[in-house]
Amino acid sequence: DLTEPVFAFGWMEDTEYAERRLALRAGDRLVLLSDGVLEARGPQNEYFGIGRAIETLQESRAASLDQSLSQVVGAAATWAGGQLDDDVSAIVVAVSE
């Protein structure tokens, strides 16, 4: 489980990071999203959050990587009233055979 938030790389000097290993298999996807997506604020000032991001990614599982990423960013923007206020960074890795 890699859903626990962590500090941004290079953000603070002398920050210690936990090492985690994850076995990926053919067909798996690894998606890393910045806080610009996860902290998009919607109704009642509530974050879009990791749960909604995971749900959107699972719903777009059959889509291409580009489409899947567009769907999760689009869902966060919709949640935030049509526009994201922070920058968005993402890394998406697909494991092939």
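Predicted model: local features only at pLDDT ≥ 70, side-chain atom pairs only at ≥ 80, totals over all residues.

Q: How many salt bridges does the count come to in this model?

A: Side chains of opposite charge can pair when their charged atoms come close. The rule used here requires a side-chain nitrogen of Lys or Arg within 4 Å of a carboxyl oxygen of Asp or Glu. By this rule the count comes to one salt bridge. Glu46 pairs with Arg52, and their closest N and O atoms lie 3.0 Å apart.

Q: Which secondary structure elements make up the chain?

A: Helices (H or I, at least four residues) and strands (E, at least two) are DSSP runs, numbered from the N terminus. The chain has three helices and two strands, in the order β-α-α-α-β from the N terminus on.

Q: Which residues does Leu33 touch beyond its neighbours in sequence?

A: A contact means heavy atoms within 4.5 Å. Leu33 lies in strand E1, residues 29-33. Not counting residues up to four places away in sequence, Leu33 touches Leu38, Ala53, Leu69, Val72, Ser89 and Ala90. The C-alpha atoms of Leu33 and Ala90 are separated by 4.6 Å, although the two are 57 residues apart along the chain. Over the chain, residues 24 or more positions apart account for 61% of the contacts with a separation of 6 or more.

Q: Where is Thr56 placed, and what surrounds it?

A: Thr56 belongs to helix H2, residues 49-59. Thr56 counts as buried because its relative accessible area is 12%. Leaving aside neighbours within four places in sequence, Thr56 is in contact with Phe48, Gln71, Val72 and Ala75.

Q: Is Ser60 buried or exposed?

A: Ser60 is buried, with 2% relative accessibility, and its place is in the loop between H2 and H3. Setting aside neighbours within four places in sequence, Ser60 contacts Arg29, Ser68 and Gln71.

Q: Which residues form patches on the surface?

A: Patches are made of residues with over 30% relative accessible area and no salt bridge; like charges are joined within 9 Å, and nonpolar side chains (Val, Leu, Ile, Met, Phe, Trp, Tyr) within 5 Å. Lys and Arg count as positive and Asp and Glu as negative, while His and the chain ends are not counted. The place of a charge is NZ of Lys, CZ of Arg, CG of Asp or CD of Glu. Asp35, Glu39, Asp85, Asp86 and Asp87 form a negative surface patch. Asp87 is found in the loop between helix H3 (65-79) and strand E2 (90-94). A nonpolar surface patch consists of Leu32, Ile91 and Val93, with about 250 Å² of accessible area together; such areas come from the Shrake-Rupley method with a 1.4 Å probe, and for residues only the protein chains shown count as cover. Val93 lies in strand E2 and is partly exposed, at 37% relative accessibility.

How values were computed
Residues numbered from 1 in each chain as written. Heavy atoms only, no water. Buried < 20%, exposed > 50% of the residue type's maximum accessible area, 1.4 Å probe, protein only.
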